[in-house]
Amino acid sequence: MGRSQETFGKKDNEKKRAKKKTEKEERKVERQANAKAGAPLEEMFAYVDENGNITATPPDPTKKRIIKDEDIRISIAKQEDREPEDTLRTGSVTFFNTSKGYGFIRDSQTQESIFVHANGLSGATIGENDKVTFEVEMGPKGPNAVRVKLASATPPPAAAAPAPAE
């Protein structure tokens with residue numbers, strides 16, 4: 001039996017591999033020749049200037065700023081003097097999909113659209129255009145309406161119509 005013949009493509013691929021190998025060896029030799037053996041330590045330093053940019057020159061000591069330890073804040077400042085907001089909000093249901101159990105409520109004060117899930121309903125069934133009261137809690141994807149209840153259908157006493165006279 002005769003030896004299998006190499007095709008033109010196989011010979012071409014072999015030549016490419018050999019060429020890559022020689023080029024890689026040449027680059028290695030060039031890197032070794034250009035390497036600065038025993039370069040001074042100062043040449044390897046990088047500095048940060050007063051604007052936060054990396055530079056090869058040392059910073060100017062006259063532009064040095066002294067920062068007090070008390071001025072450095074690692075955490076968020078406490079907001080002690082802030083009065084608590086009214087947690088109970090009112091709004092109207094703009095969309096609610098009962099089969100999937102979610103929807104959106106438009107806040108009457110901020111006009112913000114807030115997500116509501118069936119788990120956030122307090123046993124109430126809501127539909128579109130219903131007036132509701134709710135509280136807002138932050139969820140993983142943004143604000144969520146919780147403890148949602150239908151707003152009372154009776155108007156407040158001050159807004160009630162006068163009783164008809166007999």
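Predicted model: local features only at pLDDT ≥ 70, side-chain atom pairs only at ≥ 80, totals over all residues.

Reader: What pattern does the protein follow, read along the sequence?
Author: The pattern is α-β-β-β-β-β-β-β. That is one helix and seven strands. Helices (H or I, at least four residues) and strands (E, at least two) are DSSP runs, numbered from the N terminus.

Reader: How many residues does the protein have, and what share of them count as buried?
Author: The protein has 166 residues, and 14% of them count as buried. Buried means under 20% relative accessible area, exposed means over 50%, and partly exposed is in between (1.4 Å probe, protein chains only).

Reader: And the accessible surface, what does that come to?
Author: About 15100 Å², with 53% of that belonging to carbon and sulfur atoms. Accessible areas come from the Shrake-Rupley method with a 1.4 Å probe, and for residues only the protein chains shown count as cover.

Reader: Which residues make the nonpolar surface patch?
Author: L41, M44 and F45 make a nonpolar patch of about 330 Å². Patches are made of residues with over 30% relative accessible area and no salt bridge; like charges are joined within 9 Å, and nonpolar side chains (Val, Leu, Ile, Met, Phe, Trp, Tyr) within 5 Å. L41 sits in the loop between α1 (8–34) and β1 (47–48).

Reader: Salt bridges next. What is the count?
Author: Four salt bridges. The rule asks for a side-chain nitrogen of Lys or Arg within 4 Å of a carboxyl oxygen of Asp or Glu.

Reader: Which residue does E14 meet in a salt bridge?
Author: R17, at 2.5 Å from N to O. Both residues are in helix α1, three residues apart, which is about one turn of the helix. E14 counts as partly exposed because its relative accessibility is 45%, while R17, at 51%, counts as exposed.

Reader: What about D107, which residue does it bridge to?
Author: D107 forms a salt bridge with R89, and their closest N and O atoms are 3.0 Å apart. D107 lies in strand β4 (residues 102–107) and R89 in strand β3 (residues 89–97), so the pair ties together parts that are 18 residues apart in sequence.

Reader: Is D107 buried or exposed?
Author: Buried, with a relative accessible area of 1%.

Reader: Which residues are linked in a network of salt bridges?
Author: E135, E137 and R147. In the E137 to R147 bridge, the closest N and O atoms are 2.9 Å apart. E137 lies in strand β6 (residues 131–139) and R147 in strand β7 (residues 142–150), so this pair ties together parts that are 10 residues apart in sequence. E137 is partly exposed at 38% relative accessibility, and R147 is partly exposed at 40%.

Reader: New topic: β5. Where do its side chains point?
Author: They alternate along the strand (residues 113–117).

Reader: How do β4 and β5 run, parallel or antiparallel?
Author: Antiparallel, joined by five bridges. Two strands pair if DSSP finds at least two bridges between them. In this pairing G103 stands opposite V116 of β5. The two strands form a hairpin with five residues between them, and Q111 in the turn has a positive phi of about 60°.

Reader: And how does β5 run with β7, parallel or antiparallel?
Author: Parallel, with two bridges joining them. Here F115 stands opposite N144 in β7.

Reader: Which ones can you describe?
Author: One of them is F45 with Y47, edge-to-face, 6.2 Å centre to centre and 75° between the planes. F104 and F115 also form an edge-to-face pair, at 5.8 Å centre to centre and 70° between the planes. F104 lies in strand β4 and F115 in strand β5, so that pair ties together parts that are 11 residues apart in sequence.

Reader: Which residues are in the ring cluster?
Author: F95, Y102, F104 and F115, linked by ring pairs.

Definitions and conventions:
Residues numbered from 1 in each chain as written. Heavy atoms only, no water. Phe/Tyr/Trp six-rings, centres within 6.5 Å; stacked < 30°, edge-to-face > 60°.
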